[in-house]
Amino acid sequence: MKLLSFVSRLLGEKKIYIRKAEERDLPVLSQIHTESFRQGWSDGELAKLIANDTYKCLIARIVASKPVGFILYRTILDEAEIITVATSPSIRRSGVGQKLLEASIRDLQFARVRKYFLEVDEINEAAINLYKKHAFQIVGRREGYYSSSGALNEKRPAALVMERQLG
């Protein structure tokens, strides 16, 4: 808890900067993703995604630090989908994910995208609450979508499909 309070104080004093990801950021983004998900993506996998013109990746930094989080989303016609959002474990619940989500929403509204979709693990309450706070609504459910921890007879978690109208 001491680390979280330190990070909260630090973020309270420092501004969170959002910018488009660059190739030099990919190793750190891969590390953040691996720390955040059971099946993390390599920097090569991330490079393939952001090389595609329909994908956009925004990173968050605190002052001149290395990236502490990122959001990857794609746009097709007038709809967009969040592919992933990840933040460094040491700064979770400090507003970085929120700032990334808000920056992507502004970007998509500027581009006149009408709908924004995502899938989230039904057990990820923090993420679900963040999305609901930003006017995403649950519009569907995909049973057994996410992999389980591997324990015998463990039910695979469902994905909640959420949507937000942008325009």
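Guide: First, a term. A helix here is a DSSP run of H or I with at least four residues, a strand is a run of E with at least two, and both are numbered from the N terminus. The model is predicted.

The residue is Ile-128. It sits in helix α5. Is Ile-128 buried or exposed? The cut-off for buried is under 20% relative accessible area. Ile-128 has 8%, so it counts as buried. Set aside its neighbours within four places in sequence. Ile-128 then contacts Val-120, Asp-121, Glu-122, Leu-160 and Met-162. Met-162 is 34 residues away along the chain, yet the two C-alpha atoms are separated by 8.9 Å. For the protein chain, 60% of the contacts with a separation of 6 or more join residues 24 or more positions apart.

Follow α5 past its end. Ala-135 lies in the loop between α5 and β6 (137-142). Its phi is near 70°, a positive value in a residue other than glycine. Most residues other than glycine have a negative phi. Ala-135 is partly exposed, because its relative accessible area is 44%, between the limits of 20% and 50%.

Helix α5 (125-133) supplies at least two lining residues, as do α2 (26-36), β4 (79-87), α4 (96-110) and β5 (115-121). Which element gives the largest share? It is β4, with seven residues. By type, the lining divides into 18 nonpolar, twelve polar and seven charged residues.

Take β4 next. It pairs with β5 in the parallel sense, over three bridges. In that pairing, Glu-81 has Phe-117 of β5 as its bridge partner. With α4, these two strands make a right-handed β-α-β unit. The loop from α4 to β5 holds Arg-112. Arg-112 also has a positive phi, near 65°, and is not glycine. Its relative accessible area is 72%, so Arg-112 is exposed, the cut-off being over 50%.

β4 has another partner, β3. The two run antiparallel and are joined by eight bridges. Tyr-73 is bridged to Ile-82 of β4. Two residues lie between the strands of this hairpin, and Leu-77 in the turn has a positive phi of about 55°.

That leaves α2, another contributor to the pocket lining. Its buried residues are Leu-26, Val-28, Leu-29, Ser-30, Ile-32 and His-33. Their cover includes β4 again, with α3 (43-51), β2 (55-62) and β3 (69-76). In an α-helix, residues three or four places apart point the same way, because there are 3.6 residues a turn.

Last, step back to the chain. It has five helices and seven strands. From the N terminus, the order is α-β-α-α-β-β-β-α-β-α-β-β. Of its 167 residues, 37% are buried, Ile-128 among them.

How values were computed: Residues are numbered from 1 along each chain as its sequence is written. This is a predicted model: local features need pLDDT of at least 70, side-chain atom pairs count only at pLDDT 80 or more; totals for chains, interfaces and linings use all residues. Side-chain values use heavy atoms; hydrogens and water are left out. Ala, Val, Leu, Ile, Met, Phe, Trp, Tyr, Cys and Pro count as nonpolar, Asp, Glu, Lys and Arg as charged, and the others, Gly among them, as polar. Buried means under 20% relative accessible area, exposed over 50%, partly exposed in between (1.4 Å probe, protein chains only). Contact means heavy atoms within 4.5 Å. Two strands pair if DSSP finds at least two bridges between them. A crossover is right-handed if, with the strands pointing away from the viewer, the path from the first strand over the helix to the second runs clockwise.
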